[in-house]
Amino acid sequence: MRFIFRFISIICLIIAIIVGVVDALHSVVVGQLTLAPLGESWEGFNPESLELATTLIQTYLLKEAWDPVAQWILLQPSSVVFLVLSFLFYALSYKREKPEDRFFTR
């Protein structure tokens, strides 16, 4: 399970870097800082999956959760969202050392 979480973390980090580079290039062209929101990026990449996610969340989860939670997440910059996801999956895959292993040799 740790391997899967670590793999997802790396994929999210790669996506965050790619989106960050695209945002940086767009910012240089425009001449001011522009960060693409997750909703715009997702809609530009695959609009059908965004609609599918919307209907799944509204159908199987609380319909009231779509407006305050999901809409807020979709308005955040894509690179930041993927960086946070990468950190969360990495934290889930982290294995802590046992305290006695740090001080004693076997």
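Tutor: Start with helices: a helix is a DSSP run of H or I with at least four residues, numbered from the N terminus. Keep in mind that this is a predicted model.

Student: Where does Thr34 lie in those terms?
Tutor: Thr34 sits in the loop between H1 and helix H2, which covers 38-45.

Student: What makes the pairing of Thr34 with His26 a polar contact?
Tutor: The two side chains come to 2.9 Å. The cut-off for a pair of N or O atoms is 3.5 Å, with one able to donate a hydrogen and the other to accept it, so the label holds. Neighbours within four places in sequence aside, Thr34 is in contact with Asp23, His26 and Ser27.

Student: Why is Ser93 called buried?
Tutor: Its relative accessible area is 0%. Buried means under 20%, so Ser93 qualifies. Ser93 belongs to helix H5.

Student: Which side chain makes a polar contact with the side chain of Ser93?
Tutor: That of Arg6, at 3.2 Å. Ser93 also touches Arg2 and Phe5, not counting residues up to four places away in sequence.

Student: Why is Val22 called partly exposed?
Tutor: Val22 has a relative accessible area of 48%.

Student: Which residues form the largest nonpolar core?
Tutor: Nine residues: Cys12, Ala16, Leu38, Leu50, Trp66, Ala70, Leu74, Val81 and Phe82. H1, helix H4 (66-74) and helix H5 (78-93) each give two or more. H4 supplies the largest share, three residues.

Student: How do you know that a residue belongs in such a core?
Tutor: It must be a buried residue of a listed nonpolar type, joined to the set through side-chain atoms within 4.5 Å. Leu50 is one of the core's members. Setting aside neighbours within four places in sequence, Leu50 is in contact with Gly39, Trp42, Glu43 and Leu74.

Definitions and conventions: Residues numbered from 1 in each chain as written. Predicted model: local features only at pLDDT ≥ 70, side-chain atom pairs only at ≥ 80, totals over all residues. Heavy atoms only, no water. Buried < 20%, exposed > 50% of the residue type's maximum accessible area, 1.4 Å probe, protein only. Contact = heavy atoms within 4.5 Å.
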